[in-house]
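Work through the following exercises with the sequence and the coordinates side by side.

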Amino acid sequence: MGYQQYGISPQLVERIKLKMKNPAVKERIKKLIDGVSKSDLQDKAKVRRLIKSSAVIMNEHFTPAQEEQFVAFVIAQKIDPNNTFHLIKLWGMFR
C-alpha cells in the first residue's frame, strides 16, 4: 500500500477510517475540504493546516513526525480533487 511507504501505520489508517464512519465527523471533514484545489494540496503549509484541523475534528493527536509523513504523502500523490480518477485511486488505496 502506498501510504505504508511513507511510514504511516495501517493501524492508524484503520482507526481514522472507523472515525470517518461517524456521520457528524464525516460532514465536518467535508466542510473543511470543501473548495480545496490541486494547488492547495501541493502547498506544505496548507496541507499541514488541513491535517491539524482534521486531527482536531477527529480527536486525534499526531506527533510532528506523523504530520510530516502525512504532508509528504499528500504532496507526493499530486491529488486533483476535481479529477474523478484521482479520487478513485485514493479510495482504492484506503478501502
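Helices (H or I, at least four residues) and strands (E, at least two) are DSSP runs, numbered from the N terminus. The model is a predicted one, in which local features need pLDDT of at least 70 and side-chain atom pairs count only at pLDDT 80 or more, while totals for chains, interfaces and linings use all residues. Residues are numbered from 1 along each chain as its sequence is written, and side-chain values use heavy atoms, with hydrogens and water left out.

**Exercise 1.** Determine which residues touch the most other members of the largest nonpolar core, and which elements contribute to it.

Step 1: A nonpolar core is a set of buried Ala, Val, Leu, Ile, Met, Phe, Trp, Tyr and Cys residues joined through side-chain atoms within 4.5 Å.
Step 2: The largest such core holds 24 residues, and I8 and F62 are the ones that touch the most other members.
Step 3: Two or more residues each come from helix 1, helix 2 (23-33), helix 3 (44-58), helix 4 (64-77) and helix 5 (84-94), and helix 3 gives the most, with 6 residues.
Step 4: Beyond its neighbours within four places in sequence, I8 is in contact with Y3, V13, Q69, F70 and F73.

**Exercise 2.** Characterise the chain as a whole, from its fold pattern to its dimensions.

Step 1: The chain has 5 helices and 0 strands, in the order α-α-α-α-α along the sequence.
Step 2: The radius of gyration, taken over C-alpha atoms, is compared with a globule rule of 2.2 Å times the number of residues to the power 0.38; for 95 residues a compact globule would have a value near 12 Å, and the 13 Å of the chain agrees.
Step 3: Along the principal axes, the C-alpha atoms fill a box of roughly 30 × 25 × 25 Å.
Step 4: Buried residues account for 32% of the 95 residues, and of the contacts between residues at least 6 apart in sequence, 61% join residues at least 24 apart.

Conventions:
Buried < 20%, exposed > 50% of the residue type's maximum accessible area, 1.4 Å probe, protein only. Contact = heavy atoms within 4.5 Å.
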